[in-house]
Amino acid sequence: AILVAEEEERRRRDESQALVWKLCVGVGVPGLLLLACGVALLFYSFRLQSRRKQLLWRHSRLPLRFSHTAPGGKYHLFLSHTWLSGQDQVHLIKRRLSTLAPGMDIFLDVDNLQEFGSLADEVAASDVVLLFLSRGYFASKACAIEYEAAVRLGKPLILVHEANENKGGLPLQQARRDCPEAIRDEIFGTSRPVVSWQRSDAFQQVALKRIVAEVLVACGCDLPRSDLRVARRSSDDATATPLASLRSTPHAARRSTPHDAAAEATAASRSAASPSAAPSAASGPARIE
């Protein structure tokens, strides 16, 4: 009787193991395959989404290329802001610009600054300076070093304004009054456009495209004075929707002089001779692919 009971127990154990094995083969392997396929699709989706957010030239579909205005330049864009009220916004600006225009070298103090005393040198090594106007910007000593150096060196300026007072913003007129009177005209000028920073993703996209366009113009790219367009994923270019128009800055306006016109002609011929140079006006406006 004991032997019969042991044999019955062994038979049941073997049947249980066989059932577990069948479940592993019948359910586990397809499940693992489905999981692997899901991970691969997710990875592909992230890559596709990243490509769609990158700015490309409309006709050539090539990414934007940035050159430096002077030999030895390190950064195409310098982000000047106060930690008191503009740190989060400027971090977001750099992160999104790095996706839209991966070829743009951007200075942000928390990422690139080695010594506080070298702020003015970093401004000198940058082609364009972006001033993020938020509460307390003109009261910051570090910001004063940056915008004074930018004005002294004649750097092209981009003004980005945070108007939401709940997010560290202030009225634009208040920012103008806070600016030192000696350099107020050089910073704000009479026709310099001010980019408004909003919380909406669509409006942020407009602001970021305007920033990229201003950097391209300041770096000498022969960008057409036409609408920048964001492309839908379609075979027909007519589906592109206008987002923002490229506006001339005082820096760009100075190019109308004969000397600057000659410089533009030289830059254009150099761009035409080099296939790696930034696309010319014939390439059409920039768009997101």
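Guide: Angles under 35 degrees count as roughly parallel, over 145 as roughly antiparallel, 65 to 115 as roughly perpendicular and the rest as oblique. This is a predicted model; local features need pLDDT of at least 70, side-chain atom pairs pLDDT 80 or more, while totals for chains, interfaces and linings use all residues. Residues are numbered from 1 along each chain as its sequence is written, and side-chain values use heavy atoms, without hydrogens and water.

Visitor: How are helix 2 and helix 8 oriented to each other?

Guide: The axes of helix 2 (residues 87-100) and helix 8 (residues 201-218) come within 11 Å. They cross at roughly 70 degrees. Helix 2 and helix 8 are therefore roughly perpendicular.

Visitor: Which residues of helix 8 does helix 2 meet?

Guide: Contact means heavy atoms within 4.5 Å. From helix 2 come L92, I93, R96, L97 and L100. Their partners in helix 8 are D201, Q204, Q205, L208, I211 and V212.

Visitor: What kind of aromatic pair do Y75 and F107 make?

Guide: Rings of Phe, Tyr and Trp (its six-membered ring) pair if their centres lie within 6.5 Å; planes under 30 degrees apart count as stacked, over 60 as edge-to-face and the rest as tilted. The search of the whole structure finds six such pairs. For Y75 and F107 the centres are 5.3 Å apart and the planes at 70 degrees, so the pair is edge-to-face.

Visitor: Is F107 buried or exposed?

Guide: Buried means under 20% relative accessible area, exposed over 50%, partly exposed in between (1.4 Å probe, protein chains only). F107 has 0% relative accessibility, so F107 counts as buried.

Definitions and conventions: Axes are lines fitted to C-alpha atoms, for helices over the stretch in contact, and angles run from 0 to 180 degrees between N-to-C directions. Helices (H or I, at least four residues) and strands (E, at least two) are DSSP runs, numbered from the N terminus.
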